[in-house]
Amino acid sequence: MDRLDNTVRPYAWGSPTAIPQLLGVEPTGEPQAEMWMGAHPGAPSRTGRGTLVEVVDADPEKELGQAAVARFGPRLPFLLKILAAGAPLSLQVHPDLAQAQEGYADEERRGIPVDAPHRNYKDANHKPELICALTEFDGLCGFRAPLAAAALLDDLGVDSLKPYVDLLHAHPEDAALREVLTAILTADPDEMSRTVAEAATACTRLGGAYAPYADIAHHYPGDPGVLAAMLLNHVRLQPGEALYLGAGIPHAYLNGLGVEIMANSDNVLRCGLTPKHVDVPELLRIVRFLPSDPGVLRPEASPDGEEVYETPIDEFRLSRYVLPEAGAAHDLTRPTPQILLCTAGTVRAGEHDLTPGASVFVPAGEKAEVSGTGTLFRATVVA
């Protein structure tokens, strides 16, 4: 197995302290948002044999296994991250596989450069993802019931929100949600800025259930995404709990440290809370306008101590082992590629001692025995 040297991405929303604290290093003073583990070309992990992209490209079947290559192609189909949100991320949604393929082909035909700021589809893949909390973790996930969203907005006492409240009482529910989100994202910018400012003041005054939205408005003053966020469920994960974000589900991470895994894609359509491009017509085509429960996931334990976060897709499978002191070694050998990540304690993986934040890549079929005292996350595929 290969010890990984991973890149930390300094996005503006990142926490300056959470990842350094996990790694046991001094903060740089700059935001440190995501540490990437995998073979994404934007920031591939480095090994003693070259980057993980180079390692996989040299012999895909040896590194990934025949079954994974046959199903997902000659590339690692997932990207594992440690994510540290110190401020809200953009409100966003991801396409399903057919939508991604169609959108990518269309933008290719139209000759839109892949790095153009108004390009929606960077590749032809979908981007389901899972976030597992290492600390308390706040996020937004899926639409509230329209009547609940109407009550939340109405209680702010802002006159300019009344038309949205009325729309949310219409039927059917999917049409009501679509009309309100469309109205928010296409409103006159100056009028919207004033409405958001009034709503933010009211959120600050009321506190409680409104506190997350007051914080969002503090970071994104005047952004229509503040009102769009109030249409969504707020959820607070405890350590070990997770959220699965499937296609078409609007979501945003607000604050906290977690382990994130996703299909290897860059396809994001933004709804707000960002200075980046918002393509309203395409967004409205992708969003699933159905109220839903956030669906907090808790791991399901197996007899060998593996705790699995069950999801409906096969590009990734995330599980964890909480290893007790002086416990027996676990054989994690699989016919699929794996990344093993330590998040607490000290775990021995093969010849490598892993402390928090350290990780290894295990090629398909390679012996993978782990022991020690701590918490180990295991990322692989279903093939």
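The side chain of Thr47 reaches the backbone nitrogen of Arg49 at 2.9 Å. Such a polar contact is a pair of N or O atoms within 3.5 Å; within protein, one must be able to donate a hydrogen and the other to accept it, and residues adjacent in sequence count only if both atoms are side-chain atoms. This is a predicted model: local features need pLDDT of at least 70, side-chain atom pairs count only at pLDDT 80 or more, and totals for chains, interfaces and linings use all residues. Residues are numbered from 1 along each chain as its sequence is written, and side-chain values use heavy atoms, with hydrogens and water left out.

**Thr47**

Thr47 sits in strand 4 (residues 46–47). Helices (H or I, at least four residues) and strands (E, at least two) are DSSP runs, numbered from the N terminus. A polar atom of the Thr47 side chain also lies 2.7 Å from the backbone oxygen of Gly50. Thr47 counts as buried because its relative accessible area is 14%. Buried means under 20% relative accessible area, exposed over 50%, and partly exposed in between (1.4 Å probe, protein chains only). Not counting residues up to four places away in sequence, Thr47 touches Asp2, Arg3, Leu4, Leu52 and Val55. Contact here means heavy atoms within 4.5 Å.

Glu241 is in the loop between strand 10 (232–237) and strand 11 (242–245). With 13% relative accessibility, Glu241 is buried. Its side chain reaches the backbone nitrogen of Gln238 at 2.9 Å. A 3.0 Å polar contact joins the side chains of Glu241 and Arg298. Beyond four places in sequence, the contacts of Glu241 include Ile131, Cys132, Ala133 and Val296.

Ala124 lies in the loop between helix 5 (97–109) and strand 8 (129–133). At 33% relative accessible area, Ala124 is partly exposed. Leaving aside neighbours within four places in sequence, Ala124 is in contact with Leu97, Ala100, Gln101, Tyr104 and Asn267.

**Nonpolar cores**

A nonpolar core is a set of buried Ala, Val, Leu, Ile, Met, Phe, Trp, Tyr and Cys residues joined through side-chain atoms within 4.5 Å. The largest has 50 residues; Leu140, Leu156, Leu227, Met230 and Leu231 touch the most other members. Helix 9 (residues 189–206) gives the most to this core, with six residues. Leu227 touches Leu161, Tyr164, Ile184, Met192, Thr195, Val196 and Ala199, not counting residues up to four places away in sequence. A second, separate core of 36 residues includes Ala84, Leu257, Val259 and Phe361.

**Pockets**

On a 1 Å grid over the protein atoms alone, a pocket is an open set of points where a 1.4 Å probe fits, with protein on both sides within 12 Å along at least five of seven lines; lining residues have an atom within 4 Å of a point. Grid points are joined across faces, edges and corners, and a volume is the space filled by probe spheres set on the points.

| Largest | about 1,000 Å³ | 42 residues |

Closest to the centre of the largest pocket are Tyr11, Trp13, Ser90, Arg270 and Lys276. Strand 12 gives the largest share of this lining, five residues. By class, the lining of the largest pocket has 19 nonpolar, ten polar and 13 charged residues. Ala, Val, Leu, Ile, Met, Phe, Trp, Tyr, Cys and Pro count as nonpolar, Asp, Glu, Lys and Arg as charged, and the others, Gly among them, as polar. The second largest pocket is lined by seven nonpolar, three polar and five charged residues.
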